[in-house]
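Subject: A structure for you to look at

Hi there,

Here is the structure I promised to pass on. Have a look at it first, and then read my notes below.

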Amino acid sequence: HLASYTWLKFSYSYTPSFYIKSYVKSDPYIIYDFEENSYMMPASFSSEKIRFSLDFPLLIPFKRTYLSLKYSLESQYYNPDFTAFDLEIKNYYIKIRKKIFKHSNISISYMQSYADNISYMNGLLSTSDKDRSYTQERFFIAFSIQKFSLLNRQMSMGIYSNFESRNFLSSIEEDELHFERSHQDISINYWLKRHLSNYFDIKLKGIHRTRNTSSPYNMEEFSVSDFRSFSKFEIWLSLTLKMELNVY
């Protein structure tokens with residue numbers, strides 16, 4: 001805490017192992033398992049994130065306006081037998097939040113990311129023809145109204161939108177999944193919360209997300225654009241109980 005409404009923060013998180021799925025073994029040194037009669041191997045990764053952030057209010061004439069600056073470094077390392085997509089990701093983030101009235105806020109954010117596929121061409125067959133390096137831009141906008149009265153009930157509501165543009169940097173024409181591939185990903189979240197008491201809330205949230213993928217590999221038998229594009233809608237209902245527990 002540096003001053004009024006001014007914070008310098010540091011955060012660290014580590015996930016030692018996260019299983020994804022099994023892949024076909026492509027490197028000759030990996031021994032064939034005769035008992036399981038399978039050429040498949042499990043792929044899992046560990047994730048480490050380090051983040052620094054600085055939050056502070058802007059001076060007059062930007063009254064009730066706050067700025068957040070963040071930098072984070074994320075590492076995703078796969079198990080030793082599957083290192084095709086080891087990534088180091090740098091993220092740069094800026095957010096401006098404005099308090100409009102007593103209970104309403106609006107914020108606009110922008111994030112730039114650079115992902116480096118550090119295991120590309122490290123001597124394994126599985127890393128010789130795949131490069132998952134990419135650059136990415138994300139825009140966010142959010143608006144919320146907290147604890148207003150409607151029909152003698154206390155309510156909160158908001159809307160949140162995210163636009164993502166990613167461009168893969170692979171220059172390998174045989175890398176069908178990543179060569180000259182890009183996508184536009186748009187999601188809209190809207191929610192309504194009912195405050196039943198000081199200790200109990202009920203929240204209804206809807207999420208609509210659409211991703212459109214562009215790729216030169218759009219053959220009749222296999223289309224990367226169709227394979228990586230999707231549209232979905234989700235509805236979430238959450239109940240929140242606030243309580244205090246003192247143990248002596």
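Strand β7 pairs with strand β8 (residues 182–195) in the antiparallel sense, over 14 bridges. Strands here are DSSP runs of E with at least two residues, numbered from the N terminus, and two strands pair if DSSP finds at least two bridges between them. In this pairing, Gly158 stands opposite Trp191 of β8.

Before you go further, please note that this is a predicted model: local features need pLDDT of at least 70, side-chain atom pairs count only at pLDDT 80 or more, and totals for chains, interfaces and linings use all residues. Residues are numbered from 1 along each chain as its sequence is written, and side-chain values use heavy atoms, with hydrogens and water left out.

On to the neighbour of β7. Strand β6 (residues 134–150) and β7 (residues 153–168) are also antiparallel, with 15 bridges; Ile145 has Met157 in β7 as its bridge partner. The two strands form a hairpin with two residues between them, and Leu151 in the turn has a positive phi of about 55 degrees.

β6 and β7 are also linked by charge. Arg138 forms a salt bridge with Glu164, with the closest N and O atoms 3.7 Å apart. (A salt bridge is a side-chain nitrogen of Lys or Arg within 4 Å of a carboxyl oxygen of Asp or Glu.) Arg138 lies in β6 and Glu164 in β7, so the pair ties together parts that are 26 residues apart in sequence. Are these two residues buried or exposed? Arg138 is partly exposed at 21% relative accessible area, while Glu164 is buried at 8%. Buried means under 20% relative accessible area, exposed over 50%, and partly exposed in between (1.4 Å probe, protein chains only).

The structure holds six salt bridges. Another one joins Lys242 and Asp201 (3.6 Å, N to O). Lys242 lies in the segment after β10 and Asp201 in strand β9 (residues 200–214), so parts 41 residues apart in sequence are tied together. Asp185, Arg209 and Arg211 are linked in a network of salt bridges.

Finally, the nonpolar residues. The largest nonpolar core has five residues: Leu87, Ile89, Ala115, Tyr134 and Phe168. Such a core is a set of buried Ala, Val, Leu, Ile, Met, Phe, Trp, Tyr and Cys residues joined through side-chain atoms within 4.5 Å. Tyr134 touches, among others, Ser113 and Arg166, where contact means heavy atoms within 4.5 Å.

Enjoy exploring!

Best wishes

Note on methods:
Helices (H or I, at least four residues) and strands (E, at least two) are DSSP runs, numbered from the N terminus. Lists of a residue's contacts leave out its neighbours within four places in sequence.
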